[in-house]
Amino acid sequence: MPICIECRYPVSTLYTTYSKADDKALGKGVRLTQCPRCKRFADKYVEHDFVVLFIDLVLIKPQVYRHLLFNRLGREDDRFDPSIIRLGVLLLLFDVYLTWARIEKATPSSQSLTPTSLPTSPSSGNTTNLELSSIEHPSKFLATQPIILQYFFFLALCTLETLSFHLPLHFLLSLRLPRPFSSIIPHYPHKALISTALLVSSFTKLFPLLLLIWQYDLPSSASAVSWAVIINNIAALEILLDCGYIRASLLCAVGAICRAGVGWGILRAVGIGGGAAAAGVVETGDLIDMGKRMMESVGLG
Ligand SMILES: [Zn+2]
């Protein structure tokens, strides 16, 4: 059943069509439903096009998330909307590109290991050689494989990382916990909707598309992207579960720790250790830091 995106009150329909209003694109004879509780339009976004939705997604407006999750993409049979599956595949492929690029930067091969390829701060300009010699030599195993095998490795890595982010949240939210714990972890058994919320809110992962056009400092832009993804993930979970930002942050932290553990374990297993594995899990460090800061700010506020 659709809901009012302003106050979450269930409404039977989002709009009413009148006779001779076959062409919905023209908007003739269509009247938006007024919410019986808050007296505002139940879902104004049914009239808006994708650009407006996208801008409001970037601005993390709760109404647009409610529109997408409850009124457009959510299904009664708890299955994925086809567009979400396509978005998931797209995000996965972008993740492969970003992870590969980031790990390649973090473990430069002997050919690409030139002073200019390494970021050095102005104050440490004379220590480049020292830094070069102190960098852990990366595993040759992955680098000597054919490029297609390398691609499949990163594809498998990103798939497992994504699964290890989603599945713990599915499991935790499907539990019916007794009273003290249920106030920390809400019960929400709709797995497809949880993953939909996480995927829709990860759309900022697509921003590095700009990296193909302009050259950016990859680690810092990847870090900025992961921050944006984390903030959006927390906001989406909070809007979906209506559980407050602290609990949403805790849930995201659990998922991110599992993802980081899996990613780190796989990278270590193929011999990519130290800095590169850490680069792969940088998002988790960011998340934990941010979770702490948010809890502090909420606690103080
Ligand atoms: Zn309402």
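Tutor: Asparagine 233 has a relative accessibility of 3%, so it counts as buried. Keep in mind that this is a predicted model.

Student: What makes H2 largely enclosed by the rest of the structure?
Tutor: Count the buried residues: 10 of the 12 in H2 are buried, so the helix is largely enclosed. Among them are Gln63, Tyr65, His67 and Phe70.

Student: How do you know where the largest nonpolar core lies relative to domain 1 and domain 2?
Tutor: Look at who supplies the residues. This core has 39 of them, and Tyr65, Tyr188, Val200, Leu237, Leu240, Leu241 and Leu251 touch the most other members. Helices giving at least two residues each include H2, H3 and H9. The largest share, seven residues, comes from H9. Domain 1 (15-73) and domain 2 (82-113 + 138-300) both contribute, so the core lies between them.

Student: What does tyrosine 188 touch?
Tutor: Not counting residues up to four places away in sequence, tyrosine 188 touches Phe70, Leu173, Ser174, Leu193, Ile194, Leu240 and Leu241. There's also a second, separate core of 13 residues, with Leu92, Ile103, Cys158 and Leu267 among its members.

Student: What makes aspartate 95 and lysine 205 a salt bridge?
Tutor: The cut-off is a side-chain nitrogen of Lys or Arg within 4 Å of a carboxyl oxygen of Asp or Glu. Here the N to O value is 3.3 Å, so the pair qualifies. Aspartate 95 sits in helix H3 and lysine 205 in the loop between H8 and H9, so the pair ties together parts 110 residues apart in sequence. Aspartate 95, at 11% relative accessibility, counts as buried, and so does lysine 205 at 13%.

Student: Why is aspartate 242 with arginine 8 called a salt bridge?
Tutor: Their closest N and O atoms are 3.9 Å apart, and the rule asks for within 4 Å, so the label holds. This pair links distant parts of the chain, 234 residues apart: aspartate 242 is in the loop between H9 and H10, and arginine 8 is in the segment before strand S1 (15-17). By this rule the count comes to five salt bridges.

Student: Why is aspartate 242 called partly exposed?
Tutor: Partly exposed runs between the buried cut-off, under 20%, and the exposed one, over 50%. Aspartate 242 has 48%, so it falls in between. Arginine 8, at 25%, counts as partly exposed too.

Student: What makes the phi of aspartate 242 worth a look?
Tutor: Most residues other than glycine have a negative phi. Aspartate 242 isn't a glycine, yet its phi is positive, near 55°. Isoleucine 60, in the loop between H1 and H2, also has a positive phi, about 50°, without being a glycine.

Student: How do you know that valine 58 can belong to a surface patch?
Tutor: A patch residue needs over 30% relative accessible area. Valine 58 has 40%, so it clears that cut-off. With Phe50, Val51, Phe54, Ile55, Leu59 and Phe207, Val58 forms a nonpolar patch of about 660 Å² of accessible area together.

Terms used. Residues are numbered from 1 along each chain as its sequence is written. This is a predicted model: local features need pLDDT of at least 70, side-chain atom pairs count only at pLDDT 80 or more; totals for chains, interfaces and linings use all residues. Side-chain values use heavy atoms; hydrogens and water are left out. Patches are made of residues with over 30% relative accessible area and no salt bridge: like charges are joined within 9 Å, nonpolar side chains (Val, Leu, Ile, Met, Phe, Trp, Tyr) within 5 Å. Accessible areas come from the Shrake-Rupley method with a 1.4 Å probe; for residues, only the protein chains shown count as cover. Buried means under 20% relative accessible area, exposed over 50%, partly exposed in between (1.4 Å probe, protein chains only). A nonpolar core is a set of buried Ala, Val, Leu, Ile, Met, Phe, Trp, Tyr and Cys residues joined through side-chain atoms within 4.5 Å. Helices (H or I, at least four residues) and strands (E, at least two) are DSSP runs, numbered from the N terminus. Domain bounds come from an automatic or database domain assignment. Contact means heavy atoms within 4.5 Å.
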